[in-house]
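Please look over the model below with the following notes at hand.

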Amino acid sequence: MEIVHEYVKLRSDFGRQCLFSDRHVELLVDVAPNPKLAMQFVLKETRDLGVQGCWEMSEHEVNTKRFEFENQGINHVEGGWPKDINPLEMEQTIRFRKKVEKDEGYMNSIQVLGTLIGQCVGQNNAVDIYQEYFKDEELLDEIQEAPSVKIVNVFRDPNKEQRNITGLSWQPGGGTNLAAAYSCLELQKATADMSKDSYIWDIENPNHPKTVLVPTSQLICLDYNPQDLHTLVSGCVNGQIVLWDARDSQQPVAVSSLEQSHREPVYKMIWLQSSTGTEAFSASTDGQILWWDVRQMKQPTERLVLDLSRKDNLDTALGAISLEYEPTMPDTFMVGTEQGAVVYCNRAGETPSEKIVCTYDGHHGPVYAIQRNPFFPQNFLTVGDWGARIWSEDIKESSIMWTKHQMAYLTDACWSPVRPSVFFTVNMDGVLDIWDILFKQIDPTLSVKVHDEALCSLQVHNDGCMVACGSQQGATTLLEICLGLCTQQNNEQNLLGEMLERETKREKILRASQRGGDEAGNSEESPKELLLRADYDFHNLVESEQRRKQWDSRQRHYP
């Protein structure tokens, strides 16, 4: 059936009728050219202008209001049972299942559904949707980008009276939990009602701490157990050692007795490599290194006094404020002292003279941080006064590399866990410096102003892509590092190994020359010739590496 719509309207409503007719062309206007205007024309050269066939866009960053959210859970119960069947009764459910399985309709449904499910499973197995096609390809374009960092989150002290963040520790195994120790070491600012709590933050939720640690005294340092994701050990202002389990409660699991603990604040705690995973050791400014078994915290299992005269005299002992322990060398450790010396110790020694092996002197003030290079354990980094130094175990008189004196006092430093040549430092001006000693040694590769107040602590995530900085006003800033600074470059480890070996050799020659040239005198070349040859080899190595990179770049662009 054809659908017709009739539209009715008066002819007068349509307006005047248009009558069209054919006629000849009629010229209305004729403008003659003016020769004088031709003299005013200016001939311009041809110009090429490139345009993009897309919208021009710009990128801006702004600080918006913090969005607060909460985590809520829902309890699900088992359903789908008849009303007369209690799903909690095992006998009733088993009896009902047997009854259903004997039903012919159930059998036919299973056969039909089995055929359909088999087709779906075959389709899923035909193509691996999770296959990474470019997993082995090098991201050269992204790695060669300019160094940069981005602030991801800021975790602020919930208390009104702001305290220093004196210690940070990431959850092992690439976890998202960050433990922070809050304390006030200035007696003039400390009050009786000042909070003693420290916190464990989830980096995905900066609004509220995930766990609150409530100690009897303020915490200065803490460390996650590498063999247990939920166990922490911490050192207090009053010298006690506290064990925590983040799963149980806010209260400590065990606390060392005050009589057997340190006499002064505990500045560093580190877990030891052991079969039980329950051993740790601590350092304090009272001049003692104490070993603990967290299963029995009444008294330490071992004690070492940092007396360089090897007489176990606490009055002449050096105050310890930093520790370094490498699990691959379980018997040796290093201690950074208030007097600027690094003490190399051997736990396997039986007497004090055997336990204190040697010292490294190079800083004019306290050694706030000490850490071995993860790729070259024989080389370690120290921070004190206004600079950072890289040492070799073979040379005790001087460091092999060092930064120039900074304008602000350095407070902490650590190596990158993924790049051998990169390390991080923070200072009293609130600046985070990222150094790449293969790129340049005099100035940092990147400097970022994180806070207006001083930065007290620093900790890099296990994957090397994030770094946490603790400030003097209780704010922990989480920064994301660009891909170029957290991805190991081609041949980087070999180049750094050659550089450290060359600098060690250079320093040995200089020291031998200062001692009278005993070692250099026995060689065929003089110290001056050896230095010139080392410089020549260094420049040849740099030039060859530059030529190799240029050749690789040409090969990529012109295959």
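**Notes on the predicted model**

1. Cys465 is partly exposed, at a relative accessible area of 25%, where buried means under 20% relative accessible area, exposed means over 50% and partly exposed covers what lies in between, with a 1.4 Å probe and protein chains only. The closest cysteine sulfur to that of Cys465 belongs to Cys486 and is 3.5 Å away, too far for a bond, if a disulfide is taken as a pair of cysteine sulfur atoms within 2.5 Å. Cys482, by contrast, is buried, with a relative accessible area of 8%, and its sulfur is 6.7 Å from the closest cysteine sulfur, again in Cys486, which is too far for a bond. By this rule the count comes to zero disulfides.

2. On the basis of the values: this is a predicted model, in which local features need pLDDT of at least 70 and side-chain atom pairs count only at pLDDT 80 or more, while totals for chains, interfaces and linings use all residues. Residues are numbered from 1 along each chain as its sequence is written, and side-chain values use heavy atoms, with hydrogens and water left out.

3. How many cavities of 30 Å³ or more does the structure hold? There are two, a cavity being a set of points on a 1 Å grid over the protein atoms alone where a 1.4 Å probe fits but cannot get out, with lining residues having an atom within 4 Å of a point. Grid points are joined across faces, edges and corners, and a volume is the space filled by probe spheres set on the points.

4. The largest cavity holds about 70 Å³ of space, and its lining consists of Leu381, Ala388, Arg389, Ile390, Met401, Trp402, Thr403, Phe423, Trp435, Ile437 and Gln441. By class, the lining has eight nonpolar, two polar and one charged residues, where Ala, Val, Leu, Ile, Met, Phe, Trp, Tyr, Cys and Pro count as nonpolar, Asp, Glu, Lys and Arg as charged, and the others, Gly among them, as polar.

5. In the second largest cavity there is about 40 Å³ of space. Leu272, Phe281, Trp291, Tyr325, Pro330, Asp331, Thr332, Phe333 and Arg347 line this second cavity, and they divide into six nonpolar, one polar and two charged residues.

6. The aromatic pairs number 15, counted when rings of Phe, Tyr and Trp (its six-membered ring) have centres within 6.5 Å, with planes under 30 degrees apart called stacked, over 60 edge-to-face and the rest tilted. Among them is the tilted pair of Phe155 and Trp201, at 5.4 Å centre to centre and 45 degrees between the planes. Because Phe155 lies in strand β1 (residues 149–156) and Trp201 in strand β4 (residues 198–202), the pair ties together parts that are 46 residues apart in sequence.

7. Strand β4 deserves a separate look. Five of its five residues are buried, so β4 is largely enclosed by the rest of the structure. Ser198, Ile200 and Asp202 point one way from the strand, while Tyr199 and Trp201 point the other way. In a regular strand the side chains alternate between the two faces of the sheet.

8. Strand β4 pairs in the antiparallel sense with strand β3 (residues 177–183) over four bridges, pairing requiring that DSSP finds at least two bridges between two strands; Asn177 has Asp202 as its bridge partner in β4. Three bridges also join β4 to strand β5 (residues 211–213), again running antiparallel, and here the bridge partner of Ile200 is Thr211.

9. Asp312, in the loop between β13 (302–305) and β14 (320–325), has a positive phi near 55 degrees although it is a residue other than glycine, and at 43% relative accessibility it counts as partly exposed. Asp385, placed in the loop between β19 (379–384) and β20, has a positive phi near 45 degrees, but Asp385 is buried, with a relative accessible area of 3%.

Definitions and conventions: On a 1 Å grid over the protein atoms alone, a cavity is a set of points where a 1.4 Å probe fits but cannot get out, and a pocket is an open set with protein on both sides within 12 Å along at least five of seven lines; lining residues have an atom within 4 Å of a point. Helices (H or I, at least four residues) and strands (E, at least two) are DSSP runs, numbered from the N terminus.
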